[in-house]
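User: Hello! I am new to this structure and would like to learn how to read a sheet. Could you guide me?

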Amino acid sequence: MSLSSVLLEDLVKTTLQEDLQGGGQDITTIATIPASQQAAASMISRQDGVIAGMSCAQTAFRLMDEELTITPHKNDGDSVKPGDKILSVEGSARAILTAER
């Protein structure tokens, strides 16, 4: 693990902790989604742009659940247009919903 990945992980952990006060869980997700519920989700571009922050997104999902299957479809620096699939994730619905916050 390089220094940059260690710093990135610390940054993402701090951000998630700030957002998920009170035990590191999204209380709405816990209250409404069964623990066994599986899901699939995709990040889709809504407008023209350039991708940045893929490592942050992947780290957030991984920190929520190492068992999630994360498939990047774009890389930092790639141009996108509306409707382009950027990233797909499959696994625990609770982990996906919590990470995407």
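This is a predicted model: local features need pLDDT of at least 70, side-chain atom pairs count only at pLDDT 80 or more; totals for chains, interfaces and linings use all residues.

User: What is the order of the three strands in the open sheet?

Analyst: Residues are numbered from 1 along each chain as its sequence is written, and side-chain values use heavy atoms, without hydrogens and water. Strands are DSSP runs of E, at least two residues, numbered from the N terminus, and two of them pair if DSSP finds at least two bridges between them. Here the order is β1-β5-β3, with antiparallel pairing.

User: Why is one side of β1 and of β3 left without a neighbour in the sheet?

Analyst: β1 (38–44) and β3 (69–72) stand at the edges and each has a single partner strand, so one side of each lacks a neighbour in the sheet.

User: How many bridges join β1 to β5, and how many join β3 to β5?

Analyst: Seven bridges link β1 with β5 (residues 85–92), and four link β3 with β5.

User: Is β5 mostly covered or uncovered?

Analyst: Buried means under 20% relative accessible area (1.4 Å probe, protein chains only), with exposed over 50% and partly exposed in between. β5 is mostly covered, with six of its eight residues buried.
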